[in-house]
Amino acid sequence: MNDDETTILIVEDEVITSMMLRVGLEDAGFTVCAVASSGEDAIRDADTYGPSLVLMDIRLSGEMDGFTAAQKISARHSCRFVFMSGYDLDDCRQKSRDLDPVAVFTKPVKLKELISSIRSPG
């Protein structure tokens with residue numbers, strides 16, 4: 001998938017982190033369709049924009065965590081996921097396994113590694 005064909009929804013409740021990710025991804029040639037801070041907003045934005053990739057934090061503001069939001073988005077849209085967590089990566093990998101994520105990163109995410117994983121998943 002070419003960069004110009006990849007539309008990314010960023011789901012991150014830390015404003016500085018979401019801004020850094022958005023600027024870095026856009027500078028790399030990707031289109032960021034929206035930034036959401038809660039699972040509920042992520043589902044709404046996925047319905048509105050139909051992203052090809054969702055960059056999903058696990059802990060979000062609001063009632064819903066990132067896994068639940070990703071499952072709901074996956075049930076409604078065909079898109080890939082990259083998960084981010086500041087916590088236990090093994091637990092994150094296990095919980096996200098059914099969604100076959102492109103990658104799972106520990107925070108803070110290294111932008112170069114994130115871009116590489118998006119460009120050459122697998």
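Okay, a contact here means heavy atoms within 4.5 Å. With that in hand: among contacts in the chain between residues at least 6 apart in sequence, 61% join residues at least 24 apart.

Some housekeeping. This is a predicted model, where local features need pLDDT of at least 70, side-chain atom pairs count only at pLDDT 80 or more, and totals for chains, interfaces and linings use all residues. Residues are numbered from 1 along each chain as its sequence is written, and side-chain values use heavy atoms, with hydrogens and water left out.

So, the layout. The chain has five helices and five strands, taken as DSSP runs numbered from the N terminus (helices are H or I with at least four residues, strands are E with at least two). Along the sequence the pattern reads β-α-β-α-β-α-β-α-β-α. Of the 122 residues, 48% count as buried. By buried I mean under 20% relative accessible area; exposed is over 50%, and partly exposed is in between (1.4 Å probe, protein chains only).

Now the sheet. What is the order of the strands? It goes E2-E1-E3-E4-E5, an open sheet of five strands with parallel pairing; two strands pair if DSSP finds at least two bridges between them. Strand E2 (31–36) and E5 sit at the edges with a single partner strand each, so one side of each has no neighbour in the sheet. Neighbouring strands are turned by 20 degrees against each other on average, direction ignored. For angles, axes are lines fitted to C-alpha atoms, for helices over the stretch in contact, and the values run from 0 to 180 degrees between N-to-C directions. Helix H5 lies across E1, E3, E4 and E5, and runs at about 175 degrees to E5.

Let me stay on strand E3 for a bit. Why call E3 largely enclosed by the rest of the structure? Because five of the five residues of this strand, 53–57, are buried. Both faces are covered: Leu53, Leu55 and Asp57 are buried on one side, Val54 and Met56 on the other. Strand E1 (residues 7–11) pairs with E3 in the parallel sense over four bridges, and there Val11 stands opposite Met56. Toward strand E4 (residues 80–85) there are five bridges, again parallel. In E4, Arg80 is the bridge partner of Leu53, and Met84 stands opposite Asp57.

On to the packing. In soluble globular proteins, nonpolar side chains tend to be buried together. I'm using "nonpolar core" for a set of buried Ala, Val, Leu, Ile, Met, Phe, Trp, Tyr and Cys residues joined through side-chain atoms within 4.5 Å. The largest one has 22 residues, and those with the most contacts inside it are Leu9, Val11, Val54, Met56, Ile73, Phe81 and Phe83. E1, E2, H2, E3, H3 and E4 are the elements giving two or more residues to this core, and H3 gives the most, with four. A second, separate core of 18 residues includes Leu55, Val82, Val109 and Leu114.

Leaving out residues up to four places away in sequence, Val11 touches Ala36, Ser38, Ala42, Val54, Leu55, Met56, Asp57, Leu60 and Met84. Follow that to Ser38, in the loop between E2 and helix H2 (39–49). Is Ser38 buried or exposed? Ser38 is buried, at a relative accessible area of 7%. A polar atom of the Ser38 side chain lies 3.1 Å from the backbone nitrogen of Asp41. That is a polar contact (a pair of N or O atoms within 3.5 Å; within protein, one must be able to donate a hydrogen and the other to accept it, and residues adjacent in sequence count only if both atoms are side-chain atoms).

Most residues other than glycine have a negative phi, and most peptide bonds are trans. Asp100 has a positive phi, near 45 degrees; this residue lies in the loop between helix H4 (89–96) and E5, and counts as exposed at 63% relative accessibility. Then a cis peptide bond joins Lys107 and Pro108, with omega about 5 degrees. Pro108 is in the loop between strand E5 (103–106) and helix H5 (111–119).
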